[in-house]
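This note is written for a student who is reading a protein model for the first time. Please keep the sequence and the structure in view while going through the points.

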Amino acid sequence: MDEEYDVIVLGTGLKECILSGLLSVDGLKVLHMDRNDYYGGESTSLNLVQLWKRFKGSDKPPENLGPSKEYNVDMIPKFMMANGALVRVLIHTNVTQYLNFKAVDGSFVYNKGKIYKVPATDVEALKSTLMGLFEKRRARKFFIYVQDFEEDDPKSHEGLDLNKVTAREVISKYGLDDNTVDFIGHALALHRDDSYLDKPAMDTIKRMKLYAESLARFQGGSPYIYPLYGLAELPQGFARLSAVYGGTYMLNKPQCKVEFNENGKAYGVTSEGETARCKKVVCDPSYLPAKVKKVGRVARAICIMSHPIPDTNDSHSVQIILPQKQLGRKSDMYVFCCSYAHNVAPKGKYIAFVSTEAETDKPEVELKPGIDLLGPVDEILFDIYDRYEPINNPSEDNCYVSTSYDATTHFESTVADVLSMYSKITGKELNLTVDLSAASAASEE
């Protein structure tokens with residue numbers, strides 16, 4: 001271990017594994033260490049016995065739930081946008097060869113106490129029961145504008161400079177009502193609150209286009225895909241990638257203490273009396289608590305059920321977004337459901353997560369609107385965890401710290417953090433213009 005590396009990565013969470021894979025492919029010498037004896041860090045997957053130990057302090061889950069080993073319960077459950085940045089990273093690095101994906105059945109939004117399929121195209125807008133007749137026509141016109149919009153074709157801009165005009169101004173041009181704006185902003189563009197309305201519209205239009213393009217990829221009921229056996233396959237896929245390119249992995253390394261010189265710059269990591277030297281350290285917040293601040297908390301419920309979520313067309317896998325305004329909250333609530341169809345539970349069992357940015361200390365009360373959508377639940381586990389962001393300047397201390405995982409049930413914010421860290425570490429942008437047809441071949445559906 002007493003060697004010199006370009007980068008030492010601490011923690012095998014998904015963000016750290018993607019970075020160590022990308023940096024290894026770039027030809028950097030990478031050492032990757034974790035104090036745990038398993039991959040995944042915060043984003044690990046647990047079988048039923050591990051789940052019970054963690055949340056109930058017992059290693060004897062009820063027998064009626066089925067065999068423990070058939071459960072792969074993701075601790076940070078998130079779906080992937082089929083055309084999104086994570087899939088592009090997977091293809092760019094060829095990690096797709098280690099994974100099998102399956103399309104997610106449904107994407108829904110909560111409105112006035114009911115759930116509706118999210119309409120994403122002009123055709124779906126006309127069919128949707130979410131809007132009245134005249135509103136459907138207005139929404140259709142807006143969707144056609146978004147579908148036809150091309151950044152480098154001024155004719156498609158209809159006289160609007162989307163880098164200057166706000167999302168609110170573009171939406172008001174089409175006369176859309178508040179309910180429509182709610183599902184467009186939160187369930188299509190996947191904004192986490194309403195602050196986007198007063199920012200330039202370009203970001204929102206691009207997010208809507210990404211949703212529609214992803215929906216078209218697999219002709220399924222949603223724009224999302226998810227790996228068979230859950231997300232634990234992802235960190236391991238990137239770990240294999242790193243190893244192929246010469247990266248070194250060490251699990252079960254206690255302490256992992258980052259060493260600093262007199263100028264406050266990190267120069268290595270010590271574990272079990274040996275110090276590996278490096279130019280840069282990449283890690284999750286738990287390895288450098290002095291360089292992060294608490295920015296919030298995530299409340300979640302993990303529910304095991306014996307049926308699909310009602311009113312989702314018997315979907316085996318589904319995301320439901322509950323926009324903040326519908327609940328009188330400051331932030332959205334998310335429902336994620338997966339089942340034996342993705343090999344994450346025994347036959348006939350479904351796993352649902354309800355998550356949100358915590359606004360109180362009572363997750364069971366706060367998450368009720370999401371839990372109420374699930375129907376009868378066999379078992380329910382509650383959890384609340386802190387969310388951290390780095391406060392250091394990497395150019396001063398050589399430390400690159402990831403942000404904690406948020407409450408969203410899709411990967412867009414996670415990958416944005418990874419790509420931003422990659423640029424800071426390497427000084428360059430990751431080129432993600434890849435042939436996406438490769439992913440279709442790698443996918444099950």
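1. Basis of the note. This is a predicted model, in which local features need pLDDT of at least 70, side-chain atom pairs count only at pLDDT 80 or more, and totals for chains, interfaces and linings use all residues. Residues are numbered from 1 along each chain as its sequence is written, and side-chain values use heavy atoms, with hydrogens and water left out.

2. Overall form. The chain contains 15 helices and 19 strands; helices (H or I, at least four residues) and strands (E, at least two) are DSSP runs, numbered from the N terminus. For 445 residues, a compact globule would have a radius of gyration near 22 Å, and the chain agrees with this because its value is 22 Å. The radius of gyration is taken over C-alpha atoms, and the globule rule is 2.2 Å times the number of residues to the power 0.38. Along the principal axes, the C-alpha atoms fill a box of roughly 70 × 60 × 45 Å.

3. The seven-stranded sheet. An open sheet of mixed pairing is formed by 7 strands in the order E8-E7-E15-E16-E17-E14-E18; two strands pair if DSSP finds at least two bridges between them. At its edges stand E8 (114–117) and E18 (379–390), each of which pairs on one side only. From one strand to the next, the twist averages 25°. Within this sheet, E7 (residues 106–111) and E15 (residues 318–322) are joined in the parallel sense by 4 bridges. One place to look is glycine 106, whose bridge partner in E15 is valine 318.

4. A helix across the sheet. Helix H2 (residues 48–56) lies across E14 (292–305) and E18, and it runs at about 75° to E18. Contact here means heavy atoms within 4.5 Å. Axes are lines fitted to C-alpha atoms, for helices over the stretch in contact, and angles run from 0 to 180 degrees between N-to-C directions.

5. The three-stranded sheet. A further open sheet has 3 strands in the order E5-E9-E6, with antiparallel pairing. E5 (80–81) and E6 (101–103) each have a single partner strand, so one side of each is left without a neighbour in the sheet. E6 and E9 (residues 224–227) run antiparallel and are joined by 3 bridges; in E9, proline 227 is the bridge partner of phenylalanine 101.

6. The largest pocket. What is the volume of the largest pocket? It is about 1000 Å³. On a 1 Å grid over the protein atoms alone, a pocket is an open set of points with protein on both sides within 12 Å along at least five of seven lines, a cavity is a set where a 1.4 Å probe fits but cannot get out, and lining residues have an atom within 4 Å of a point. Grid points are joined across faces, edges and corners, and a volume is the space filled by probe spheres set on the points. Of the 39 lining residues, Ala189, His191, Asp203, Arg207 and Glu412 are the closest to the centre of the largest pocket. Helix H8 supplies the largest share of this lining, 8 residues. By class, the lining has 12 nonpolar, 9 polar and 18 charged residues. Ala, Val, Leu, Ile, Met, Phe, Trp, Tyr, Cys and Pro count as nonpolar, Asp, Glu, Lys and Arg as charged, and the others, Gly among them, as polar.

7. The second largest pocket. This pocket holds about 400 Å³ of space. E18 gives the most to its lining, with 3 residues.

8. Cavities. The structure holds 3 cavities of 30 Å³ or more, and the largest cavity has a volume of about 90 Å³. Among the 13 residues that line the largest cavity, Pro77, Ser355, Tyr385, Asp406 and Ala407 are the closest to its centre.
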